[in-house]
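Subject: Structure handover

Hello,

Here is the structure I said I would pass on. Please have it open while you read the notes under it.

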Amino acid sequence: MKNILIILGTRPEAIKLAPVILELRKNKNFNVLVCNTEQQKELSNQTLGFFGIKADFNLNVMKPNQTLAGVQSLILSELSKIYQENTIDATIVQGDTMTVFCGALVSFYNKVPVYHVEAGLRSYDLFEPFPEEAMRQMTSRITDLHFAPTQKAVEALISEGISTDKIFLTGNTVIDALSCLSDDVVNNAQYNLEKKSIVLNDKLVLITAHRRENHGKRLDDILSAIDKLIQQYPDHQFVLPVHPNPNVHDKIYKALEHKSNVVLTEPLDYPELVCIMKNAKLILTDSGGIQEEAPTFGVPVLVMRYETERMEGVEAGFSKLVGADIEKIISQASAILSQDKNATRLDGSKNPYGDGKSANKIAKLIHVS
């Protein structure tokens with residue numbers, strides 16, 4: 001039996017790896033172990049729970065006021081113990097976080113093959129997104145199997161000299177995850193949203209803003225644009241799950257707390273976020289995963305970043321890059337909010353990021369590797 005260690009630490013990683021875990025566990029030739037570094041402790045464990053998954057190893061690596069170097073050293077140290085105390089035949093990581101790079105690096109140090117889910121995304125600007133672009137590029141150099149979500153990702157890997165026999169076009173597992181939630185979980189999410197005074201109607205706007213490169217003046221500009229939109233569209237409800245980072249949390253509350261048509265809430269759980277995306281008229285975000293998920297529901301997305309490693313959505317017309325440009329955010333949002341929701345809906349069947357069968361493709365490729 002092959003011992004496969006799946007390493008994750010954030011909510012997006014839990015979402016995107018859950019379908020892979022569930023698919024691999026159908027195969028009796030695999031003993032699937034899950035390690036949660038707990039880079040986002042509550043969110044990652046809660047999200048795994050929605051899929052009926054519990055981590056075998058929990059590392060609790062986050063401490064107050066950590067530097068990036070401090071987080072890295074602690075994850076490396078704690079992961080090394082797992083490889084010393086267990087026989088691991090292959091490691092799976094997903095995406096571009098510190099957990100991903102450290103997981104791949106420790107696996108490499110132990111001469112264990114690394115399988116990278118969502119490989120090949122590139123902005124080619126090491127500071128946009130920061131530090132994720134660097135994490136993803138460095139992980140690619142020590143990866144044995146690259147599971148690329150799109151043709152553009154495949155081409156990026158090939159252009160960097162990675163052998164084509166190590167690259168596989170699989171689609172993105174985030175689309176698989178959307179269909180893995182039970183009806184009970186979804187119904188409960190809708191009930192919880194109602195308790196938070198979030199109304200799932202045709203004038204719902206979802207906003208998320210948390211990226212490190214948007215801290216400071218960029219966030220000030222984003223909030224200024226949102227404030228103007230709130231005033232221009234008083235009949236719309238703007239929902240903003242607030243990231244706990246004080247650099248984000250405090251500014252958002254200071255700017256928007258007393259606006260009558262704004263709901264500021266703690267980070268939403270995954271099923272709640274899915275319910276809102278499904279019903280939203282417009283999404284403004286600097287998130288990566290939402291850029292991939294929203295097209296399934298036909299929701300237009302304004303990406304509040306100047307660079308994105310997910311250009312497929314932009315090229316397919318599902319999203320637009322607006323950065324932290326106040327006038328651009330307002331004008332592009334107004335073009336959508338001034339119309340009826342049905343008039344701005346897009347064709348979700350043309351989501352460029354996947355068909356919901358990615359985890360099955362990945363499991364089959366691992367089986368024959």
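The notes below go from the whole chain to single residues.

This is a predicted model, in which local features need pLDDT of at least 70 and side-chain atom pairs count only at pLDDT 80 or more, while totals for chains, interfaces and linings use all residues. Residues are numbered from 1 along each chain as its sequence is written, and side-chain values use heavy atoms, with hydrogens and water left out.

Overall fold

The protein has 16 helices and 13 strands; these are DSSP runs numbered from the N terminus, helices being H or I of at least four residues and strands E of at least two. Its radius of gyration is 20 Å, close to the 21 Å that the globule rule gives for 369 residues, so the protein is as compact as a globular protein of that length. The radius is taken over C-alpha atoms, and the rule is 2.2 Å times the number of residues to the power 0.38. The C-alpha trace spans about 60 × 45 × 40 Å along its principal axes.

Of the 369 residues, 56% count as buried (buried is under 20% relative accessible area, exposed over 50%, partly exposed in between, with a 1.4 Å probe and protein chains only). The accessible surface comes to about 15500 Å², and 50% of that belongs to carbon and sulfur atoms; areas come from the Shrake-Rupley method with a 1.4 Å probe, and for residues only the protein chains shown count as cover. Among contacts with a separation of 6 or more, 69% are between residues 24 or more positions apart, where contact means heavy atoms within 4.5 Å.

Nonpolar cores

A nonpolar core here is a set of buried Ala, Val, Leu, Ile, Met, Phe, Trp, Tyr and Cys residues joined through side-chain atoms within 4.5 Å. The largest one holds 55 residues, of which L24, I92, I283 and I366 touch the most other members. Helix α1 (residues 11–24) supplies the largest share of this core, seven residues. Neighbours within four places in sequence aside, L24 is in contact with I4, I6, F30, V32, I92, A363 and I366. Another core, of 30 residues, lies apart from the largest one and includes A209, I222, V262 and L264.

As background, most peptide bonds are trans.

F127 and F130 form a stacked aromatic pair, 5.6 Å centre to centre with 20° between the planes. Rings of Phe, Tyr and Trp (its six-membered ring) pair if their centres lie within 6.5 Å; planes under 30 degrees apart are stacked, over 60 edge-to-face, and the rest tilted. F127 is exposed at 57% relative accessible area, whereas F130 is partly exposed at 29%.

Helix α5 (residues 132–141) contains E132. This glutamate is buried, with a relative accessible area of 17%.

Other aromatics

The whole structure has five aromatic pairs. Y115, F147 and F168 form one aromatic cluster.

Cysteines

How many disulfides does a search of the whole structure find? The count is zero, a disulfide being a pair of cysteine sulfur atoms within 2.5 Å. For C35, the closest cysteine sulfur is in C102, 11 Å away and too far for a bond; C35 is buried at 0% relative accessibility. C275 is in no disulfide either, with the nearest cysteine sulfur, that of C180, 15 Å away. C275 is buried too, at 5%.

Positive phi

Most residues other than glycine have a negative phi. E38 has a positive value, near 65°, and lies in the loop between β2 (30–36) and α2 (41–50). K111 also has a positive phi, near 55°, and is placed in the loop between α4 (98–109) and β5. Buried or exposed, where do they fall? E38 is buried, with a relative accessible area of 5%, while K111 is exposed at 79%.

Regards
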